[in-house]
Structure formats: C-alpha cells, structure tokens
Amino acid sequence: MTDNDKIENQVGLVFQHVARLRTRYFDQQLAKHGLTSAQVYAINYLLREDGLTQVELSRLLGIGTVAVSGLVDRLESNGWVARKPDPRDRRSNRIWLTDKVSEKVGNMQDAAQAVNEASFAGMTPEEAEALVKGLRRVRDNLKSATCDEGDAPI
C-alpha cells in the first residue's frame, strides 16, 4: 500500500473531502439562483424557527456573530429576511423571513436534490440508505462525545 493509499483510507480525510466537495457542488447549483450554501443553511434554520436572534443563529450555524451579521446583511439586502427589534431585549434583533424567500425554496430543494443525485450516483437505494444510516450513527456518536446538553443540534 502506497502512502497515498494510506492517506485516502483515513476516514477523517474522506469525510472532509466529501463534505467540501458536496458544499462546492451545492454552491455551484445555487449560484445560478443568486444563493450560497451559507445563506441556504441560515434560511433553513429560519424556516424551522422564524424569528431567531443573531446570537441564536450564530450558535446553530457554528460561526461567529460577526460572520452572521454579514450573512444577515446580505440576506436582508436581497429582501429575504428582515431584522426587527426583540421586544424582550432591546439590545437584540430578531431575524424574520420575508414572503420573498418563498421564491427561493424550490431552487434550494432542487440544488439539494442535484447534490444528492450526484453523491449517490451508481449506488443502489439500499446502499445509499445504509451509508446514510451509518453516517447518522457516526454523527450521533460524535455529538455524544463532544456536546454539552446546551449545545446546538447539528
């Protein structure tokens, strides 16, 4: 076995490469609709729970509050979200989806489907299901090993 073969068999590198390539392809699919994967992840969290604070969104996305502020600025400039003062905390704003974002939801779903189709090409449905099941177990194991009870779900 060559050194390259040994490196390619390291599971962490395979995970990292798969995640990076999926994100790159997702961004390519989204670009034609004026979206980025970072924007889609934020929109998806807001679709699940509209009206999050920037701090809450930052925690869910796993990025800093300054980065989230810039992300929300871009979402707001496209008319997809609106910041509104938090009635319970004058120092915070809540982020609300606008009706305009509904125009993009289908594009987001189509891009995700294209990524999954490319990812699972050549696999039987049973193989794809087994892979996803195994990855969920790995994710759950790592969450149990690293997360405190108050940590955000990934």
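Valine 11 sits in helix H2 of this predicted model. Its relative accessible area is 53%, and the cut-off for exposed is over 50%, so valine 11 counts as exposed.

Val11 belongs to a nonpolar patch on the surface, together with Phe15, Met123, Leu131, Leu135, Val138 and Leu142. The accessible area of these residues together is about 550 Å². Two elements, helix H2 (11-31) and helix H7 (125-146), each give two or more residues to the nonpolar patch. H7 gives the most, with four residues.

Helix H2 also holds glutamine 29. With a relative accessible area of 14%, glutamine 29 falls under the 20% cut-off and is therefore buried. Leaving out residues up to four places away in sequence, glutamine 29 touches Ala111 and Ala114. Between glutamine 29 and isoleucine 95 there are 26 Å in space, C-alpha to C-alpha, and the two are 66 residues apart in sequence.

| Residue | Relative accessible area | State |
|---|---|---|
| Valine 11 | 53% | exposed |
| Glutamine 29 | 14% | buried |

Helix H3 covers residues 37-48. The buried residues in H3 include Ser37, Gln39, Val40, Ala42, Ile43, Tyr45 and Leu46. An α-helix has 3.6 residues a turn, so residues three or four places apart point the same way.

Terms used. Residues are numbered from 1 along each chain as its sequence is written. This is a predicted model: local features need pLDDT of at least 70, side-chain atom pairs count only at pLDDT 80 or more; totals for chains, interfaces and linings use all residues. Side-chain values use heavy atoms; hydrogens and water are left out. Patches are made of residues with over 30% relative accessible area and no salt bridge: like charges are joined within 9 Å, nonpolar side chains (Val, Leu, Ile, Met, Phe, Trp, Tyr) within 5 Å. Accessible areas come from the Shrake-Rupley method with a 1.4 Å probe; for residues, only the protein chains shown count as cover. A salt bridge is a side-chain nitrogen of Lys or Arg within 4 Å of a carboxyl oxygen of Asp or Glu. Buried means under 20% relative accessible area, exposed over 50%, partly exposed in between (1.4 Å probe, protein chains only). The expected span of a helix is 1.5 Å times one less than its number of residues. Contact means heavy atoms within 4.5 Å.
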